[in-house]
Amino acid sequence: MNLNKILTISFLLSWLSLPGMAQLPLPVQEAICSARLSPFLGIGISSPSSEYDRSEDSGIASPVVGANVHISIGGGWTLIPGLAYETKGSAFSYSYDNGIGRASLSGRNTNSRTLALRSTNESKTRTVRSYLSFPWQIGIRPFEKVPDLQFALGMNNSFLLGQKTTRNSFGTKTTDRGTDNLKGFNLGLLLGVSYRVIDDIAVGITYDHGLTDMSSSGVGFRERALRLTVGYTINFNPIFLESYSRRGRAKMKQYQTSKE
C-alpha cells in the first residue's frame with residue numbers, strides 16, 4: 001500500500017471518528033464543545049508545475065466552495081477538518097505570424113479578409129480539473145494581542161472528479177472530457193493564514209502545494225493553487241447530536257458565553 005493510500009485511509013478514519021468524541025472524558029468534551037461549522041467560498045488561482053515549462057502557459061481563476069469545522073483544543077490551538085469542491089487547471093495560448101502582418105482597425109488597408117486570416121493564427125487551450133477535497137489542518141493563534149489572527153498548516157486530500165479541456169484552435173472550437181492518463185488522488189501541503197474581521201466573518205489565504213504527480217503517463221505535473229476565501233461561522237456544532245435541535249444550539253450558545 002503506497003503512502004497516498006495510507007494517508008487517505010488515516011484521514012477518513014479520523015474524520016469519521018469525530019462523533020465518537022462525545023464519549024470522551026468531560027475535560028476533553030469541554031475542549032471540543034466550542035467546535036463550530038464555518039462555510040466558505042472564494043476564488044482559487046491555479047497553475048500546475050510541469051516538467052515541461054512553456055512560456056505561453058498561464059494560470060486560471062476558478063471558484064472554490066466548502067465548509068470547515070473549527071475544533072478548539074485549548075492553548076490557542078485548533079483542529080480544522082473540512083470539505084470542499086474546487087477546480088484547478090491551466091491555460092495555454094499559441095500564435096504565429098502568417099506573413100500578412102498585424103491587422104489594425106484604424107489602418108487604411110485593413111479589410112475583413114485580413115482580419116479573418118489574422119484571427120485563425122491563434123490557438124487557445126483551457127484545461128480545468130474538478131476535485132472533491134478533504135483538507136485537514138491545525139491552526140494556532142500565536143499572538144495574544146492579536147487573537148483574531150490564525151496561522152494553519154495541514155494536508156489536502158483531493159479526489160479527482162473530472163477534467164474538461166476547451167480548445168479554440170485556428171477558428172474551430174472543441175471540448176473534450178475525461179480523465180485518461182490522470183491519477184485519481186492528489187495529496188497537497190497546505191499553508192494558510194486567516195483573520196477574523198468581525199465576530200462571525202473571517203478572510204483567509206491558503207497556498208496548496210501539490211505533492212502528487214497527477215500524470216499516470218507522459219509529461220508529469222503537480223497542482224499548485226492559491227485560494228482567497230471568506231468564511232462565515234455559524235452557531236452549529238456538527239460533532240454532537242445536540243447541535244441538530246434548537247434546544248441544543250441554545251445550550252451551546254450558553255456554554256460559549258460562559259467561557260468568554
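1. Arginine 227 and glutamate 86 form a salt bridge in which the closest N and O atoms are 2.8 Å apart. The term salt bridge here denotes a side-chain nitrogen of Lys or Arg within 4 Å of a carboxyl oxygen of Asp or Glu. Because arginine 227 lies in strand β12 (residues 224–232) and glutamate 86 in strand β5 (residues 77–95), the pair ties together parts that are 141 residues apart in sequence. Strands are DSSP runs of E of at least two residues, numbered from the N terminus. Both arginine 227 and glutamate 86 are buried; buried means under 20% relative accessible area, exposed over 50%, and partly exposed in between (1.4 Å probe, protein chains only).

2. On the basis of the model: it is predicted, with local features requiring pLDDT of at least 70 and side-chain atom pairs counted only at pLDDT 80 or more, whereas totals for chains, interfaces and linings use all residues. Residues are numbered from 1 along each chain as its sequence is written, and side-chain values use heavy atoms, with hydrogens and water left out.

3. A salt bridge also joins arginine 196 to aspartate 148, with 2.7 Å between the closest N and O atoms. This pair links distant parts of the chain, 48 residues apart: arginine 196 belongs to strand β9 (residues 185–196), and aspartate 148 to the loop between β6 (122–140) and β7 (149–169). Arginine 196 counts as partly exposed because its relative accessibility is 35%. Aspartate 148, at 22% relative accessibility, likewise counts as partly exposed.

4. In the salt bridge between aspartate 176 and arginine 167, the closest N and O atoms are 2.5 Å apart. Aspartate 176 has a relative accessibility of 39% and therefore counts as partly exposed. Arginine 167 is also placed in the partly exposed class, at 33%.

5. How many salt bridges does the rule give? The count comes to six.

6. Asparagine 181 is located in the loop between β8 (172–177) and β9. Its relative accessible area is 48%, so asparagine 181 is partly exposed. Beyond its neighbours within four places in sequence, asparagine 181 is in contact with Met214, Ser215, Ser216 and Ser217, where contact means heavy atoms within 4.5 Å. The C-alpha atoms of asparagine 181 and serine 217 are separated by 5.6 Å, although these residues are 36 residues apart along the chain.

Key:
Helix = DSSP H or I, 4+ residues; strand = E, 2+ residues; numbered from the N terminus.
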